[in-house]
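Hi,

Here is the structure I said I would pass on. Have a look at it first, then read my notes below.

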Amino acid sequence: IALWHPELIKGVFSVCTPFNAPMKPWLPLQDLIAMGKLKNFTYQLQLAGPDVEKAIQGEEKVRQFLNGMWGGFGPNREHAFVAEKGVLLDNLPKLDRTVLLSEEELNHYVEKYMLQGAPQLRGPLNWYRTRKINWEEELPLADKEVKLEMPTMFIAATNDSALPPSMSAGMERYMPKLTRAEVGGSHWALSGASDEVNAHIGKWL
C-alpha cells in the first residue's frame with residue numbers, strides 16, 4: 001500500500017521483515033542461492049516444494065509442525081527448523097511444547113488449519129510459490145525511483161535466522177525518515193519480545 005498509494009499512508013513500520021525495492025531482472029531464488037547469496041532463504045525452496053505439504057497432514061502432524069515452527073525443542077535440543085535447510089521433519093515428534101504459544105493458542109491455530117481439507121498447509125505454503133507473481137506485479141514500480149517519504153520504522157530481532165538484522169542494510173536509501181530498533185529473540189518477536197516491540201512502536205508513534 002505504501003508503494004502504490006503513499007498519499008494514503010501516514011507512517012509504516014515492519015517487524016523483522018526488511019524492505020527490498022522492486023527491481024529488474026527476474027532472478028529465481030534457486031539461482032541466487034547457487035550463487036552463494038540468500039542461503040538463509042533455502043528453507044523457502046523447501047516450503048515451496050511438495051515435501052512439507054505432503055508430510056504435514058492431519059491434526060497431529062499439523063500440531064507438531066506449528067509447535068516446531070514456533071520454537072519448540074526436544075530434550076536433546078532437537079529443533080524443527082534451520083534456515084539454510086528448512087523444516088527438519090524427523091524432529092517434529094520429538095519436540096516439547098513451545099513457550100511462545102499457550103496451549104489455548106496452539107489449539108486455536110490447529111483448529112483453524114483443520115478447517116481446510118488435506119493437504120492443510122497448501123494455502124499457507126502457497127505464499128512461497130508466488131515470488132515471481134509478486135515480482136511481475138511490481139514491475140511498473142521497478143522503473144521508478146522508490147522513496148517512502150513518510151516516517152518509517154524497522155524493528156529487527158537479534159536472533160532471527162531467516163531474516164537477520166544484516167538484511168536491512170541500506171534501507172535508508174528508500175526511507176529518509178527511517179527509525180531503527182532491535183529486540184532480543186527470534187523471528188517471532190511479536191510473541192517472544194512483545195513488550196520490547198510494543199515499547200519501540202509506542203515511542204515511535
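Leaving aside its neighbours within four places in sequence, which residues is G86 in contact with? They are Y43, Q46, A80 and F81, where contact means heavy atoms within 4.5 Å.

Before going on, a word on where this comes from: it is a predicted model, in which local features need pLDDT of at least 70 and side-chain atom pairs count only at pLDDT 80 or more, while totals for chains, interfaces and linings use all residues. Residues are numbered from 1 along each chain as its sequence is written, and side-chain values use heavy atoms, with hydrogens and water left out.

Back to G86. You'll find G86 in strand β3 (residues 86-87). Helices (H or I, at least four residues) and strands (E, at least two) are DSSP runs, numbered from the N terminus. G86 has 0% relative accessibility, so it counts as buried; buried means under 20% relative accessible area, exposed over 50%, and partly exposed in between, with a 1.4 Å probe and protein chains only. G86 and Q44 are 42 residues apart in sequence, yet their C-alpha atoms are 7.3 Å apart in space.

Next, the rings. There are 9 aromatic pairs in the structure. Rings of Phe, Tyr and Trp (its six-membered ring) pair if their centres lie within 6.5 Å; planes under 30 degrees apart count as stacked, over 60 as edge-to-face and the rest as tilted. One of the pairs is F41 with Y43, which is edge-to-face at 6.2 Å centre to centre and 90° between the planes. F41 is buried, at 13% relative accessible area, and Y43 is buried too, at 8%. Y43 also pairs edge-to-face with F81, at 5.1 Å and 75° between the planes. That pair links distant parts of the chain, with Y43 in helix α2 (residues 42-48) and F81 in strand β2 (residues 81-82), 38 residues apart. F81 is partly exposed, at 21%. Ring pairs link F41, Y43, F81, W127 and Y128 into a cluster.

Now the core. A nonpolar core is a set of buried Ala, Val, Leu, Ile, Met, Phe, Trp, Tyr and Cys residues joined through side-chain atoms within 4.5 Å. The largest one has 25 residues, and V52, I56, F65, V87 and L92 touch the most other members. Helices α1 (29-34), α2, α4 (59-69) and α5 (103-113) each supply at least two of its residues, and α4 gives the largest share, 4 residues. Setting aside neighbours within four places in sequence, V52 is in contact with Q46, L47, F65, V87, L121 and L125.

Finally, the sheet. How many strands form it, and in what order? It is an open sheet of 3 strands, ordered β1-β4-β5, with parallel pairing; two strands pair if DSSP finds at least two bridges between them. β1 (12-15) and β5 (178-183) are at the edges with a single partner strand each, so one side of each has no neighbour in the sheet. β1 and β4 (residues 152-157) pair over 4 bridges, and V12 stands opposite T152 in β4.
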